[in-house]
Amino acid sequence: MAKNTLSSRFRKLDIDEFDENKFVDDHDEAVDNQGPDGTEIENLIRIGDTMTAFHLALRNPPLNTKNPAVKERALAIVLRVLTSFKSSDIEPAVKSLDRSGVDLLMKYIYRGFEKPSDNSSAILLQWHEKAFAVGGLGSIVRVLTARKTV
Amino acid sequence: MAYHSFLLEPISCHSWNKDRTQIALCPNNHDVHIYKKDGTKWIKIHELKEHNGQVTGIDWAPESNRIVTCGTDRNAYVWSLKGEVWKPTLVILRINRAARCVSWSPKENKFAVGSGSRLISICYFEQENDWWVCKHIKKPIRSTVLSLDWHPNNVLLAAGSCDFKCRVFSAYIKEVEEKPGPTVWGSKMPFGEVLFESGPSGVSGGAGDGAGGGWVHGVCFSHSGNRLAWTSHDSTVAIAEGGKTSTISSLSSETLPLLCVSFITENSLVAAGHDCYPVLFVYDGTKGSVTFGGKLDVPKQTSQRGISARERFQNLDRRATSSETTEQGLESLHKNSISQISVLEGGKSKCSTFCTTGMDGGMEWSHGTSRYTHTHTTHTV
């Protein structure tokens with residue numbers, strides 16, 4: 001056998017890194033949303049105004065940032081709001097969103113599915129059902145194809 | 001509305017001749033078959049065998065009666081009818097990946113081929129050498145070109161690509177044509193110039209983060225060439241108007257992604273895709289909005305029968321819901337994704353009949369434009 005078949009170090013090389021025509025994502029981090037404000041939302045949940053907390057939580061999504069900590073924080077806040085909802089309140093909350101709001105909600109729901117905790121899956125499934133009824137398959141396709149994730 | 005099943009395999013691509021009596025299609029192999037309409041039946045009259053790979057694009061030039069085909073073997077052939085036989089002429093595209101789509105220009109003196117080599121080949125016939133030559137448009141395309149459509153002025157070309165953008169290029173070839181006059185898309189049109197680019201770098205209007213989310217599957221200029229529509233893999237359809245390209249109107253739909261689109265009047269489009277039925281979209285230029293106009297494939301109304309208690313429990317077991325709407329099978333005529341739409345009669349300004357082919361090997365054609373603009377079938381989500 002030839003000598004060059006003995007070493008397999010070449011397998012650790014990512015040759016796409018050396019391709020001149022490699023697709024580099026031109027993402028600008030310029031306008032960076034820091035995610036929702038945690039303390040204000042906590043207060044609203046405590047007094048029972050889940051609807052306002054919900055709308056606040058969905059504002060300023062950290063779509064552009066590459067910082068995972070910001071995204072984790074935003075996700076935790078949104079999940080806190082979603083799990084604090086009563087089942088009967090979910091539908092009017094979803095109906096109060098516009099098309100891009102429903103898409104954003106779907107993104108958060110799927111992110112929430114990734115790390116299930118005690119009760120989160122059950123309530124998230126209810127959110128998913130209501131959001132799907134409004135957004136349809138298109139909203140799920142947009143979660144899958146989105147270049148800017150939550 | 002009528003449906004004809006040609007094969008059990010997907011129809012990769014199709015094209016009609018000028019008087020719509022013959023259709024050339026690729027039955028998911030290396031050949032092109034030409035069928036002729038005989039009453040209500042379709043008879044295969046020719047088999048064009050030359051490609052070494054799947055034929056991915058066919059276009060039949062109506063005036064000069066030439067067919068151009070392109071395939072995954074990185075070649076394109078121009079076929080001319082000599083007597084009773086179609087004779088091919090090879091066109092060297094100088095690409096190192098598969099060709100994906102091909103389109104004759106309106107004056108039929110050149111054609112464009114989109115390929116996986118991240119470029120578009122514009123081919124024209126050079127009289128002195130009796131040979132087809134091609135020029136490449138490379139920048140700034142970053143990925144496979146999926147779809148092409150020519151502007152009526154024979155110079156501008158819209159291209160949808162896997163790099164999530166829809167662009168308008170100039171394909172001006174000084175050897176075969178005069179310098180074009182200015183259009184709403186711009187006035188300086190040297191070869192390869194980008195006159196429009198959609199996506200995050202272009203300003204997006206409409207819903208949410210707008211265009212730029214998915215591969216652009218289908219593009220189409222309107223009849224006048226002033227409007228450009230494209231469908232994208234993130235289930236959106238968008239329209240841009242030349243001259244007002246700072247506002248792109250887009251609609252995020254609730255359906256699966258649409259693969260092909262065509263204008264049928266200056267204000268309305270028909271599109272189809274993975275949902276297996278054609279849909280109508282209506283564009284309002286003054287408001288800059290695209291709205292869903294209804295499904296164009298009205299299913300047979302099955303008689304409403306009551307649902308028995310047993311079926312209710314079976315549904316609950318199987319689907320976690322005891323609802324009565326049983327979507328057992330697809331109600332649409334096509335049973336699989338629709339990959340291509342072609343306008344049969346009326347052109348893009350007053351289309352009265354269009355045809356769709358897809359992965360189920362069948363072809364559907366639909367008549368009657370008036371219902372497209374006036375009636376709206378209710379769309380239940």
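**Exercise 1.** Determine the class composition of the lining of the second largest cavity.

Solution. By class, six nonpolar, three polar and one charged residues line the second largest cavity; here Ala, Val, Leu, Ile, Met, Phe, Trp, Tyr, Cys and Pro count as nonpolar, Asp, Glu, Lys and Arg as charged, and the others, Gly among them, as polar. The model is predicted: local features need pLDDT of at least 70 and side-chain atom pairs pLDDT 80 or more, while totals for chains, interfaces and linings use all residues. Residues are numbered from 1 along each chain as written, chains are lettered from A and ligands numbered from 1 in the order written, and side-chain values use heavy atoms, without hydrogens and water.

Step 1: the lining includes B:Thr255, B:Leu256, B:Pro257 and B:Leu258. Step 2: B:Ala272, B:Gly273, B:His274, B:Asp275, B:Tyr277 and B:Val279 also belong to the lining. A cavity is a set of points on a 1 Å grid over the protein atoms alone where a 1.4 Å probe fits but cannot get out, and lining residues have an atom within 4 Å of a point. Step 3: the space in this cavity is about 30 Å³, a volume being the space filled by probe spheres set on the points, which are joined across faces, edges and corners.

**Exercise 2.** Locate the partners of the salt bridge between A:Glu72 and A:Lys115.

Solution. Step 1: the two side chains meet at 3.9 Å, N to O; the criterion is a side-chain nitrogen of Lys or Arg within 4 Å of a carboxyl oxygen of Asp or Glu. Step 2: A:Glu72 lies in helix α3 (residues 68-83) of chain A, and A:Lys115 in the loop between α5 (99-114) and α6 (120-145). Helices (H or I, at least four residues) and strands (E, at least two) are DSSP runs numbered from the N terminus. Step 3: the pair links distant parts of the chain, 43 residues apart. Over all chains, the count is 19 salt bridges.

Technical notes: On a 1 Å grid over the protein atoms alone, a cavity is a set of points where a 1.4 Å probe fits but cannot get out, and a pocket is an open set with protein on both sides within 12 Å along at least five of seven lines; lining residues have an atom within 4 Å of a point.
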